[in-house]
Amino acid sequence: MSEAIVASQAPGTDLASVPGASGARQFWRRLRTQRAALVAAGVVSLLVLLALAAPLLTAIEGQDPTTYHPSLIDSARGGVPVGSFGGVSGDHWLGVEPQTGRDLFARLVYGARVSLGVALGATVVQVLVGVVVGVAAALGNRWIDQLLSRITDIFVAMPLMIMSLALLAIVPSSFPRPLLVALVIGLIAWGNTAKIVRAQTLTLKGLDYVSAARLSGWNTWRIARRELLPGLAAPVITYAALLVPMNISAEAALSFLGVGVKPPTPSWGQMLTAANVWYQAAPQYLLLPAGALLVTVLALTVLGDGVRTALDPRAASRLRVGTGRKREAKADADSKKAAADAYSEKAATDVDSKKGAADADSKKAATDASVNADASANKEAKA
């Protein structure tokens with residue numbers, strides 16, 4: 001079956017919901033009308049670029065995230081950086097870390113690598129497990145559906161922070177910590193993805209083109225791959241875009257609690273943990289990672305909402321600014337006014353046509369009556 005048929009029949013989706021040439025063009029056209037989403041996409045792109053270019057940027061600065069600079073620390077004041085604004089200089093663009101003297105800019109850009117990498121890795125795991133379990137539950141028999149649904153409910157009810165703390169505390173320290181954090185978050189928090197996929201798959205399974213494929217002799221795997229997965233693309237992509245900021249916050253929380261990424265590997269959550277006693281003596285040490293985390297989560301959330309609205313134009317955006325809501329409302333009002341004017345004009349035309357028809361009927365009746373009267377008079381005269 002063609003992707004266009006999938007898009008036209010799947011509830012809550014249209015042609016833009018399916019990854020095709022025409023659908024992609026419509027998606028980008030709708031996304032470009034949302035200024036807030038475009039700004040958020042630019043911010044996310046800049047953050048990703050900074051994370052990828054971290055080795056180059058730190059080489060230009062001449063620093064690295066792990067080297068100590070004890071000469072830049074005032075031991076008499078408890079380890080506060082020497083100089084104004086936390087030791088900002090030409091050699092240290094954002095200053096240095098209290099007590100250790102490590103370069104803050106280098107740790108911030110390398111921390112972006114860890115935080116974004118863990119969030120994206122956890123999102124990939126969540127999506128893969130959720131899609132597999134959700135599709136299997138929807139296409140299986142009643143017992144398989146009940147079993148997988150109850151397992152999904154158990155994982156949805158699990159408190160993410162408590163389970164992550166327990167699992168991360170017992171795993172040997174030799175295991176790569178960023179990979180471990182991504183796996184733990186992804187393998188615990190896939191339940192909501194599976195529920196969304198199962199509900200959408202049950203809806204798609206009852207459509208005519210899926211029934212036709214089943215009657216044609218296609219097996220379950222082929223139906224899922226050729227007919228169902230294209231229709232699941234829109235809700236899965238939308239939910240994945242909203243999962244990334246949630247996973248960044250989860251990684252930061254775990255690192256803040258001391259069970260996430262371990263030193264000397266930099267992470268925004270780990271930097272916040274170390275900065276919780278320096279917010280008065282060296283406020284930039286707290287404000288820089290907190291600000292980076294806030295901007296990243298906010299940009300990804302706005303971008304996720306924009307993607308959701310572009311993929312499903314019938315779903316209104318939850319944002320209040322930068323989404324073209326006024327233009328859309330004005331366009332809707334203009335279209336409604338044009339439709340009302342057209343209806344009024346059509347009604348007036350119908351009235352005129354009915355009046356003309358009534359006048360014609362009256363003239364015809366009068367003519368017939370006159371003819372009948374003349375015929376009766378002639379008949380009487382002959383008699």
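Reply: Two residues are in contact when heavy atoms of the two lie within 4.5 Å. Among contacts in the protein chain between residues at least 6 apart in sequence, 70% join residues at least 24 apart. The model is predicted, so local features need pLDDT of at least 70 and side-chain atom pairs count only at pLDDT 80 or more, while totals for chains, interfaces and linings use all residues. Residues are numbered from 1 along each chain as its sequence is written, and side-chain values use heavy atoms, with hydrogens and water left out.

The protein chain has 14 helices and two strands, taken as DSSP runs numbered from the N terminus (helices H or I, at least four residues; strands E, at least two). Of its 383 residues, 40% are buried; buried means under 20% relative accessible area, exposed over 50%, and partly exposed in between (1.4 Å probe, protein chains only).

Side chains of opposite charge can pair when their charged atoms come close. A salt bridge here is a side-chain nitrogen of Lys or Arg within 4 Å of a carboxyl oxygen of Asp or Glu, and the count by this rule is six.

One of them pairs the side chains of Arg 107 and Glu 97, at 3.4 Å from N to O. Because Arg 107 lies in helix H5 (residues 104-139) and Glu 97 in the loop between strand S2 (80-81) and H5, this pair ties together parts that are 10 residues apart in sequence. Both Arg 107 and Glu 97 are buried.

Two further pairs each lie within a single helix. In helix H6 (residues 142-157), Arg 150 and Asp 153 are three residues apart, about one turn of the helix, and their closest N and O atoms are 2.9 Å apart. Arg 150 is partly exposed because its relative accessible area is 42%, and Asp 153 counts as partly exposed at 26% relative accessibility.

In helix H13 (residues 283-311), Arg 308 and Asp 305 are likewise three residues apart, about one turn of the helix. Their side chains form a salt bridge at 3.0 Å, N to O, and both Arg 308 and Asp 305 are buried. As for shared partners, salt bridges join Glu 97, Arg 102 and Arg 107 into one network.
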